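This briefing goes through selected features of one protein model. Please keep the sequence and the structure in view while reading.

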Amino acid sequence: VDLMVSLPPAFALGVAADAGRKLLPRVGAPPAPETFGSVLQQGLGRTICRDFYFPYAEKIWGLSADQLSAIQARRRVQAGSLAKLLGKVVGGLPGVRRPGAGRYFYPRHGYGQIANGLSQAAVRHGAEFVHNAQIESVRRMPDSTMLVEYRRGQTLEQTQADHVWSTIPVTALVRALRPTAPPGILTACEKIKFRSMILIYLVVDQPRFTEFDAHYFPERDIPITRLSEPKNYAAANEPPGRTVLCAELPCSTKDGYWDMSDEDLGELVSSSLAKSGIPLADSAAQVVTRRLPHAYPIYENGYEKHFEAIDDWLGSIEQLLSFGRQGLFAHDNTHHTLAMAYAATDCLNDRGEFDTERWREFRRIFASHVVED
């Protein structure tokens, strides 16, 4: 009911008209090559795409909807048609909603507890972690072992291994390999691009900012794309009288946002919220930022032929495995990437032999993953 009465009339009429057009026979010119834009417009109609998905996509990936691959639409947008969108809305209604639907567990002390818990369990089983290190090279040795060279401070260190499993960006792995990758593979790496992001955390001296866990901003004149309030994810009351907001700012490492100070980024978020009609009651008590140079893979039209060339070449190197969101250039959630890790361990037997055929079967499953928002 709230959705029906809150939608702007022009938007609601536009969506209704788009739904009506789907009932009419299609006439006109032969279809053009598919893109992110054409797939979504076919499924959702012009109004939703024009007012939300297209400007939002341009902010996230830095390209127009028609410059993005159709694969991006199918792997990134779960409700890619009006029917699916309506089903999602109806599925959340009381009496219709399945038991447990729309619920998930959120760590009391934040999302980072997932990584912390996994790393602590790994240490208990004998794993060793090396932090604050920069990979220099990954060398394929004549005896079929691998030698990883990394730098900590001014010290260059080495680790020899029977297998190297990498979750770093696939392009960074290729450039680190020795002997050097063939020229064609290095050229393909130039065609594979990632979108960067700055996470801007505002500490606010009030119990809660809003009742919602997240706000989305498709407007082109507002640089942030999403604002989340982790306290609302967990329905927590701690700490009393204080909450934290996380604003997401997609960008490039080469644009002006990347080099802005924390203070200026905090002001940017504050002004964006004011422009959106949900201003802060007072200035943020503290601003903390985290810069992610490889936040999103960019599925530009034609990207797949370049990735496939890289992927095939890496797959030909025994003892080397590239996987995870960055390693497989995949739009995936945390549970998807954890599934990749469990699958990889299932392919390695007690003798240290890796079952490549079984891994190929898992890869076919990974290709069916669709991001869940």
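Which residues in α9 meet which residues in α12? On the α9 side they are I185, A188, C189 and K191, and on the α12 side H306, A309, I310 and W313. The model is a predicted one. The protein has 15 helices and eleven strands, and buried residues make up 38% of its 373 residues. Among contacts in the protein with a separation of 6 or more, 67% are between residues 24 or more positions apart.

**The pair α9 and α12**

- Helix α9 spans residues 183-191 and helix α12 spans residues 303-315; their axes come within 8 Å and cross at roughly 135°.
- That angle makes α9 oblique to α12, since an angle counts as roughly antiparallel over 145 degrees and as roughly perpendicular from 65 to 115.
- The crossing in which α9 passes α12 is left-handed.

**Helix α14**

- Helix α14 covers residues 334-346, which is 13 residues.
- From its first C-alpha to its last, α14 reaches 18 Å, close to the 18 Å expected at 1.5 Å a residue.
- The residues H336, M340, A343 and A344 are buried in α14.
- An α-helix has 3.6 residues a turn, so residues three or four places apart point the same way.

- T47 has its place in helix α4, residues 46-61.
- Is T47 buried or exposed? With a relative accessible area of 5%, T47 is buried, because buried means under 20%.
- Leaving aside residues up to four places away in sequence, T47 touches F11, G14, V15 and D18.
- S38 is found in helix α3, residues 36-44.
- The relative accessible area of S38 is 31%, and S38 is partly exposed.
- With residues up to four places away in sequence again not counted, S38 touches P33 and D66.
- S38 and A73 are 35 residues apart in sequence, and their C-alpha atoms are 9.3 Å apart in space.

**Backbone geometry in loops**

- Most residues other than glycine have a negative phi, and most peptide bonds are trans.
- Which residues does a cis peptide bond join? The bond joins R178 and P179, with omega about 0°.
- P179 is found in the loop between β5 (177-178) and α9.
- N132 is not glycine, and its phi is positive, near 55°.
- The loop that holds N132 runs between α7 (112-124) and β1 (134-140).
- N132 counts as exposed, at 75% relative accessibility.
- Q319, also a residue other than glycine, has a positive phi near 75°.
- Q319 lies in the loop between α12 and β11.
- At 25% relative accessibility, Q319 counts as partly exposed.

Methods
Residues numbered from 1 in each chain as written. Predicted model: local features only at pLDDT ≥ 70, side-chain atom pairs only at ≥ 80, totals over all residues. Heavy atoms only, no water. Helix = DSSP H or I, 4+ residues; strand = E, 2+ residues; numbered from the N terminus. Expected span 1.5 Å × (residues − 1). Buried < 20%, exposed > 50% of the residue type's maximum accessible area, 1.4 Å probe, protein only. Axes fitted to C-alpha atoms, helices over the stretch in contact; angles between N-to-C directions. Parallel < 35°, antiparallel > 145°, perpendicular 65-115°, else oblique. Left-handed = near helix turned anticlockwise from the far one by under 90°. Contact = heavy atoms within 4.5 Å.
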